[in-house]
Amino acid sequence: MALLAFVLTISLMLLIVIVVVYAERKVAAFMQDRLGPTEAGPYGTLQPLLDVLKLLQKEDIIPAAADKKMFAVAPILIFAAVFAGFAVIPLSPSLVPAGVGIGVFYLLAIISLDVIGLLMAGWGSNNKYAMLGAMRSVAQIVSYEIPAGLALLSVVMICQSLDFQEISYQQGVLMNLFPGLEQEQNWLFGLKALGFETTTVGGLTTWNIFRAPILLVAFVIYFIASLAECNRAPFDIPEAESELVAGFHVEYSGFRFATFFLAEYAMMVLVCLVAVILFLGSWNTPLPNFGPLALANWTTGTPGGMASVLWGGFWLISKTLVLLFVQLWARWTYPRLRVDQLMHLCWKVLTPIAIGLVLLAGIWRLLMV
Amino acid sequence: MDKSVVKHKVGFWDVVKSLVSGAKLTLQHFLHADKRRKPMYISDENYFEQQEGLVTLTYPYEALPVPDKGRYRLHNEIDDCIVCDLCAKICPVNCITIESVKATEDIGVTSDGTKKRLYAPTFDIDMAKCCYCGLCTTVCPTDCLTMTPVYDFPEVDIKNMVYHFTDLTPEQADEKKQLLEKQQEEMAAAKAAALAARKQQG
Ligand code: SF4
Ligand code: SF4
């Protein structure tokens, strides 16, 4: 069972990563009035696959002056850290690779390991560009973990759980089927005083951003911080093509570079998955029940059944792809921030707002019960 | 000029507004990705009207039209060439190589009535060296050297970039040379005979 979950997760992750790499090139091209890849396969769909194959054939160059052990281990460490994050992601009501009770906490912790890998890569390369890139990267990721963590904390306070699966169940019509939540009720906007119960309505109305509308702000903060955490534009100063060449992975080639590349895109997918699970209703359908028109029930299935696995996976992945599109869209629209602007945004704007949100989330929770 | 355009905007809502307008712009381009610019000639009245859509031209599959009288690859109509060597002389990069052999017999006239007196066993133009200046075509007295609208003629082997325009096979060229030598020998012999005869007389 554990092996099956492992294989399933890694193949799903690689599949989404390949799709995202292809989408990135096409979306970039379309936004710049170009065509993008057209030659490899129909509409260039085989391009990312062939790119990876090409990278695997290349020579694995280790610079003579590099710290060989660190240099060799860094990409594997980064990839392992990101991949380990996928372990706690629930894919459907009954399918989760590792259903640990403190998933959110585990995820934040394991993703922080990423930073150590980056620093090892930059330091081990013995190259000033790589070193600068790694420094910037670490400064940026460590800073942005604070608003991201606080935004997640407000979700945890609203949901009173660190378990991704429990948080997912809370955001849909299946809530009362989760052990321990049998007596729970959902109210419109989380305000019991309004007297409009949404436990059986489900759909959009029970997504976290509607259960407690202040989480909408938390979502925006988390999304901005997550862009910075996976070094995406407009926060791509660690990689800054035009000044640092490629930042911490400038010395890497072949298989090791491919690992970095995959880890970077896997990280994008992971942060989007987390955003979907914690804010946008996880694997729950967006369609609510309207009296006899039980759209939510029809597009959810019953836990344990095949239908629920398929519906759950479908909603989760399509919502994730939408968020990923927003990430690409931001990348090809906005220019890169300066280091001081980046720090200003993090420490003077996002962090204070996030702290305020945590406080508000506590108060909101009192209104919900 | 409108003052508000110059004013530096820093408020929160100004920032949000500018972020949104940027995002709108790229989204517009993304949504118009189903349209393509058509490869049309510049004289087409819609040439400047195609504001939307992808501009990439997938070149080998589609190409911008070129003028009917485009001046690209050279062509020599060897039947009309009088092998005067003017083109080789004016060429600034010396990419035309001409070897000439005098004809022993009458070899006719060109299409504009100029009498042809020379064979050209070699008439090579190295297209890899040619800078397409067109000087050779302007000096050509019989207008047999022209430029054509063909501009795409890459070769894998650079030797193939040398175009041979001669209409003689090497055997024919040798034959013509021998004929000329024979004629010259005969003429020399006749001259010598005439000289000897004159000496005897004198
Ligand atoms: S076009 Fe110019 S460069 Fe080319 S062969 Fe004629 S004279 Fe020479
Ligand atoms: S100038 Fe014209 S006629 Fe004279 S050799 Fe060149 S191509 Fe022939």
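Predicted model: local features only at pLDDT ≥ 70, side-chain atom pairs only at ≥ 80, totals over all residues.

Is A:Arg256 buried or exposed? Its relative accessibility is 14%, and since buried means under 20%, A:Arg256 counts as buried. What does A:Arg256 touch, once you ignore its neighbours within four places in sequence? The contacts are A:Asp60, A:Ile62, A:Phe71, A:Ala72 and A:Pro75.

Now zoom out to the whole of chain A. You'll count 13 helices and zero strands, so reading along the sequence gives you α over and over, from one end to the other. How does chain A compare with a compact globule? For 369 residues, such a globule would have a radius of gyration near 21 Å, and chain A has 21 Å, which agrees. Its C-alpha atoms fill a box of roughly 70 × 45 × 45 Å along the principal axes. Of the 369 residues in chain A, 54% are buried. And if you take the contacts in chain A with a separation of 6 or more, 76% of them come from residues 24 or more positions apart.

Over to chain B. Here you get five helices and five strands, and along the sequence they follow the pattern α-α-β-α-β-β-α-β-β-α. What about the radius of gyration of chain B? A compact globule of 202 residues would have one near 17 Å, but chain B has 32 Å. Along the principal axes, the C-alpha trace of chain B spans about 120 × 35 × 30 Å. Buried residues make up 27% of the 202 residues in chain B. In chain B, residues 24 or more positions apart account for 66% of the contacts with a separation of 6 or more.

Next, look for the sheet in chain B. Three of its strands form an open sheet in the order β2-β3-β5, with antiparallel pairing. As for β2(B) and its partner β3 (residues 118-126) in chain B, they pair in the antiparallel sense over six bridges. Within that pair, B:Ile96 stands opposite B:Ile125 in β3(B).

B:Ile96 also turns up in our last stop, the ligands. It is one of the residues around ligand 1, and others there include B:Cys91, B:Cys95, B:Cys133 and B:Cys136. By class, the shell around ligand 1 has eleven nonpolar residues, one polar and no charged ones. Ligand 2 is surrounded by 13 residues, and the closest are B:Cys81, B:Cys84, B:Asp85, B:Cys87 and B:Cys140. The shell around ligand 2 divides into eleven nonpolar, one polar and one charged.

Methods. Residues numbered from 1 in each chain as written. Chains lettered and ligands numbered in written order. Heavy atoms only, no water. Pairing = 2+ DSSP bridges. Helix = DSSP H or I, 4+ residues; strand = E, 2+ residues; numbered from the N terminus. Near = heavy atom within 4 Å. Nonpolar A, V, L, I, M, F, W, Y, C, P; charged D, E, K, R; others polar. Rg over C-alpha atoms; globule rule 2.2 N^0.38 Å. Buried < 20%, exposed > 50% of the residue type's maximum accessible area, 1.4 Å probe, protein only. Contact = heavy atoms within 4.5 Å.
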